[in-house]
Amino acid sequence: MNKEIYLDGNATTAVLPAALRAAVFAMEERYGNPSSTHATGLKAKAVLDAARARACRLLGVGTGQLMFNSGATEGIQTVVLSALCAVRARRAAGERTGTLLVYGATEHKAVPESLAHWNVLLGLGLDLVPLPVDAGGCHDLEALRRLAPDAALVCTMAANNETGVISDLAGIAAALDGSAALWMVDCVQALGKLPLDLAATRIDYAPFSGHKLYAPKGIGMLYVRAGAPFTPLMKGGGQETGWRSGTENMAGIAALGAVLAALEDGVTFRSHAELHAFREQLANALRQALPGIVFNVPFDRALPTTLNFSVPGLSSKELLDLFDAAAVRVSAGSACSAAKAQPSYVLDAMGLPEWRSSSAVRLSFGPLMDAATVAEACARIARCGEALRRSGLLGDTTAARPDGLLQWTAGGHHTWLVLDAASGTCAAIDPHPALDERIDTLLRAHRYRLVARLFTQGDATWPAPEDCLAIGRWRLRRAATGKGRACYLLGPQGESPRHAFIGSAEPSSLAGVLPADLLLCPATEAQSALCTTLRAGPGKTSPAAMHLDAATLETLLREHPAALLVDVREPYEHAAAEPCIGPQAVSIPLSRLAGALPAWLAQAPRLPLVFFCQSGNRSARAAGCLRSLGYAEAFHLQGGVALS
Ligand code: PLP
């Protein structure tokens, strides 16, 4: 199977081998408690001191303080608590303080969430004000100048995690001139990518996170300018000069120390010029593979290690699935929000059109990147483009014409397309407006003529003189199912119908109206994710009975060599993937499953069907659908090919 190409460095990174060795050494050989006064403790303390000294040199900490903690989220809490406690103390002393908590509109969520949390917890009632950014993601310095006199704390970042946009820290410092506001700069994405000389600036606080630069997760640092207010988040044994109690994460500190040593040696990591060249190569590969691609920030304002782009007509989910199938790991926006399919608040704040913010993809890499990996990534990007072209999704007219029944889902609504490749005619049932463009692209790319747009509710115009409409080899019949409601029965010419498009009717309400074994194709996911019948039930076996792992799959294939392996990923994912389960796998995307059901259900004897996809979600739906229809020999690969 393809080696994975990891292009999600802004989410996290692998651990540098030297860092891994340093962590193991710390655990095996320097396991003492650095607070102990005996020799074992002193040896551990030497590791701690060396890592701190390196960090202080590299970041230009000067007379400021640098403490180790668990990461940037903890650092941000500590900063917010410190700044707000300072406001409270000044208020108590009758001194004037700022009333605004200003934060960049594109900050990591840890910033506004912490501000809101501690503001409420401490009962301060300060106003949270997002600082706008321009279309290129840079802070509105004029707005900051206006807010500065009333600001208690200003939070900005050195570089953005979604877009890589580099902040104008000198411009921000100038806008804050004369203001008593404290200033935090989130330096998470800057470490190892931008020069930092903290004590030479007016920055009061700077949090860092080890796992964004080849150290393990759970280790971070916080810079505090000499004289800046400080309140510990954790009290206890007095470690870190009393600023952060708790026995130090020595393995993490040793590993971070090794990463900092690599930064200092000047040879481990790629130079800026090399990183720029890598970005150019990747951007060119993307331009060639994905026609119409737009990069969401100008390159000259961003870190060379981050590319953020959108492709017209393709959602982030589709692009992510495509890249994932080719074993190229990218993300949609930030890793924290990747599980929720939401538009990017960062791109929204930049005022980009909705389609760009909801379809954005982030490709990011770290400064350890090498030429061979970039070349392989470019080759796989080209393969993804080719797979998309062959699927016809990009409107390419050379792609093979799709045929049969197609189910597309948008916002919980199913749209059904009946396609007859031989005649080039098709019909759409309950087409959802969100899919209009996609349907148009498909029709144009494959020179299909839409002979009917049918709706199961309202006054649909029926384009045929009788109740039967011909779509090539298919026959569609109209049947009234209630007031203002119709359903459409579909079958091959001369045969009885196999599918019924029932709109939003409750399947049980159709008992006695439709034959019990007709496959009911609903208009919403709430009724059924795929399709059902009047006889359908939860199946006689428990859901766990359909789950296979690598070992049980092997046993099943040994016992049933004729079992059919069904890849339910979309055709472009299937095409972009290397055969990983075996060459005998067939591609029947979930969107085509309804069309494949009649033949499977009519089989005698029934072959075991093993569905698989990338994560196991889609294949679970396919196997669950078959089992609910009484096909007990349906299975799926739990965890998908990602875990196999
Ligand atoms: N700030 C930025 C800019 C980040 O990218 C991240 C991580 O995604 C964080 C803060 C939070 O860092 P951590 O994972 O160390 O808590």
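**View A. Asp-567 and its bridge partner in β24.** In this predicted model, Asp-567 has Ser-587 of β24 as its bridge partner. Strands here are DSSP runs of E, at least two residues long, while helices are runs of H or I of at least four, and both are numbered from the N terminus. Strand β24 covers residues 586–587 and runs parallel to β23, with two bridges joining them. That is enough to count, since two strands pair if DSSP finds at least two bridges between them.

**View B. β23 next to β25.** Strand β23 (residues 564–567) also pairs with β25 (residues 609–612), again in the parallel sense, over four bridges. Look for Leu-565, which stands opposite Val-610 of β25.

**View C. An open, mixed sheet of four strands.** The order is β13-β14-β15-β16. At the edges sit β13 (404–410) and β16 (449–454), each pairing on one side only. Ignoring direction, neighbouring strands are turned by 20 degrees against each other on average. Five bridges hold β15 (residues 425–429) and β16 in a parallel pairing, and Ala-428 has Arg-453 in β16 as its bridge partner.

**View D. Helix α13 on that sheet.** Residues 436–445 form α13, which packs on the sheet and touches β13, β14 (413–420), β15 and β16. Contact means heavy atoms within 4.5 Å. The direction of α13 makes about 10 degrees with that of β14; axes are lines fitted to C-alpha atoms, for helices over the stretch in contact, and angles run from 0 to 180 degrees between N-to-C directions.

**Notes.** Residues are numbered from 1 along each chain as its sequence is written, and side-chain values use heavy atoms, leaving out hydrogens and water. As the model is predicted, local features need pLDDT of at least 70 and side-chain atom pairs count only at pLDDT 80 or more, whereas totals for chains, interfaces and linings use all residues.
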